[in-house]
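Please view the sequence and the model together while reading the sections below.

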Amino acid sequence: MSDIFSQSISPIFKKQSVEDYFVQPMFVPDDLRNIITVRTDIKGTELLNRVSAPSMLTKPKNSAGFNAGGSFALTNQEITVKPMAMEFEQNARAFWGSIVQEMLAQGFAQDDVEQMKSPDVWNKIMLPLIAKAGRQDLFRQMFFGSPVAETFSIGLPTGTLDTNYTGYTGFFTNFVNDLFAGTIPSNQHVPIASSAAKAKQEVVYTYTAGTDSQIIISINGLTYIQPYATSATITCNNWLTTHKANIEARCPYNGVIVTNPSAGVIKIVSRLKGSAFFASATVTGTGSFAVSGIVAVVKASTMASNEADITLETMLDLMTPEMQDFDLVFMMTSSVWRNLVHTIKDRSSVLGDEVILNGIKVPTYEGFPIIVRPDWDKWIAAGQVGVNPHRVVLTTPKNLLFATDGTSDSDMIETWYNQEAQMRRYRVQYKAQTAYFHKELLILAGFTD
């Protein structure tokens with residue numbers, strides 16, 4: 001039944017309120033711009049153009065006239081921002097009990113919180129807290145987002161998409177996919193050793209055919225079926241042709257690689273060292289699968305002694321000529337940073353000079369600023385089951401792009417007071433995507449084996 005009358009007690013936020021209390025804290029904080037470039041004006045799909053610097057322009061002048069030489073190479077890629085939303089509601093009484101100190105600090109009386117229909121209370125108390133939580137969530141998705149991320153059960157992918165991560169593609173997903181594809185050359189990646197040598201999980205299934213109708217191989221919660229065709233060899237070949245691409249497109253950090261190394265054989269191997277999987281193979285009929293070649297997974301442990309120092313020095317040695325022209329920054333997990341600190345202490349030395357980076361004092365390594373990201377450690381453990389826990393990126397912030405329409409869309413934020421439910425309701429909508437401009441401006445460590 002529709003309402004006869006409707007009433008809006010509190011209007012949608014004015015633009016100034018949005019800027020002051022939500023947009024500025026969430027989308028344009030200093031700690032975000034220290035590490036990446038932020039574009040806040042991309043509404044849909046946009047081309048990112050790359051122009052290579054010309055060389056070999058100067059030639060001998062042996063004749064009259066104009067003889068042009070050299071050219072620019074223009075390449076581009078598309079970036080498409082994906083829609084995201086954050087929605088919730090809050091009752092005044094529950095709000096009062098948990099946030100009274102914050103409210104008093106803002107100059108409100110305790111009774112004021114009952115007036116949740118007043119935008120002033122919401123703007124000055126609740127909205128900054130929402131923006132802070134939203135910013136932390138933004139960082140998580142910005143680095144760890146993957147459209148094929150899956151939920152986990154007892155540390156294994158389930159085959160069910162995890163909507164906490166699937167909104168758009170994060171930087172780390174771009175990096176690991178492009179390392180596997182060879183888009184980022186292998187000589188721009190440095191492995192990181194841990195105290196215990198990590199290992200991939202492996203298993204081999206050898207099919208002996210009988211009077212069968214199909215073979216069934218299950219991997220991490222999903223079942224892959226292939227009808228029997230002529231022989232064990234042909235059936236396994238057909239299975240691989242049918243399913244390989246879909247299987248290997250799952251979970252960039254927690255997926256598997258499937259191969260057919262010999263007749264009638266399916267081999268399953270973790271995509272990355274330290275990543276576990278669950279698999280089984282059955283036959284509908286009188287045939288069978290024999291299991292062999294089992295290798296247990298070994299996860300990365302703490303970093304080897306002095307490994308951070310060795311890693312950072314190697315990364316600097318591998319810098320491309322193009323990187324010499326930019327202000328470069330190290331970004332790293334806390335685990336790498338603490339390993340470096342232990343090395344410096346063991347040598348009875350001191351940390352490198354600190355520098356001011358966009359108003360924030362940060363340490364350095366051989367003069368290059370270090371930004372420690374403890375949130376990376378947290379989400380590697382939670383969202384990728386601790387696979388490759390020690391990671392470092394050396395690049396220029398100009399090379400990493402976070403694209404959003406988050407500060408330019410007048411309809412991005414709505415709030416209203418539902419008098420019947422006595423709830424302040426809130427919705428923010430924006431679009432987001434990440435990309436990097438030039439592979440030549442990246443040196444990575446700890447992302448692949």
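## Cavities

The second largest cavity is lined by E150, P157, I219, N220, I247, R250, C251, N254, G255 and V256. A cavity here is a set of points on a 1 Å grid over the protein atoms alone where a 1.4 Å probe fits but cannot get out, and lining residues have an atom within 4 Å of a point. The volume of the second largest cavity is about 40 Å³, a volume being the space filled by probe spheres set on the points, which are joined across faces, edges and corners. Its lining comprises five nonpolar, three polar and two charged residues; Ala, Val, Leu, Ile, Met, Phe, Trp, Tyr, Cys and Pro count as nonpolar, Asp, Glu, Lys and Arg as charged, and the others, Gly among them, as polar.

Three cavities of 30 Å³ or more are found in the whole structure. The largest cavity holds about 130 Å³ of space. Of its 15 lining residues, S146, A149, N254, G383 and Q384 lie nearest the centre. Eight residues of this lining are nonpolar, five polar and two charged.

## Basis of the model

The model is predicted: local features need pLDDT of at least 70, side-chain atom pairs count only at pLDDT 80 or more, and totals for chains, interfaces and linings use all residues. Residues are numbered from 1 along each chain as its sequence is written, and side-chain values use heavy atoms, with hydrogens and water left out.

## Cysteines

The structure contains zero disulfides, a disulfide being a pair of cysteine sulfur atoms within 2.5 Å. C251 is buried at a relative accessible area of 4%, where buried means under 20% relative accessible area (1.4 Å probe, protein chains only). C236 is also buried, at 0%.

## Aromatic rings

There are 14 aromatic pairs, counted where ring centres of Phe, Tyr or Trp (its six-membered ring) lie within 6.5 Å; planes over 60 degrees apart count as edge-to-face. F172 and F447 form an edge-to-face pair, 5.1 Å centre to centre with 75° between the planes. F172 belongs to helix α5 (residues 171-181) and F447 to the segment after β24 (443-445), so this pair ties together parts 275 residues apart in sequence. Helices (H or I, at least four residues) and strands (E, at least two) are DSSP runs, numbered from the N terminus. F172 is buried at 0% relative accessible area, and F447 is buried at 0%.

Ring pairs join F143, F144, F171, F172, F175, W376, Y436 and F447 into a cluster.

Definitions and conventions
Buried means under 20% relative accessible area, exposed over 50%, partly exposed in between (1.4 Å probe, protein chains only). Rings of Phe, Tyr and Trp (its six-membered ring) pair if their centres lie within 6.5 Å; planes under 30 degrees apart count as stacked, over 60 as edge-to-face and the rest as tilted. On a 1 Å grid over the protein atoms alone, a cavity is a set of points where a 1.4 Å probe fits but cannot get out, and a pocket is an open set with protein on both sides within 12 Å along at least five of seven lines; lining residues have an atom within 4 Å of a point.
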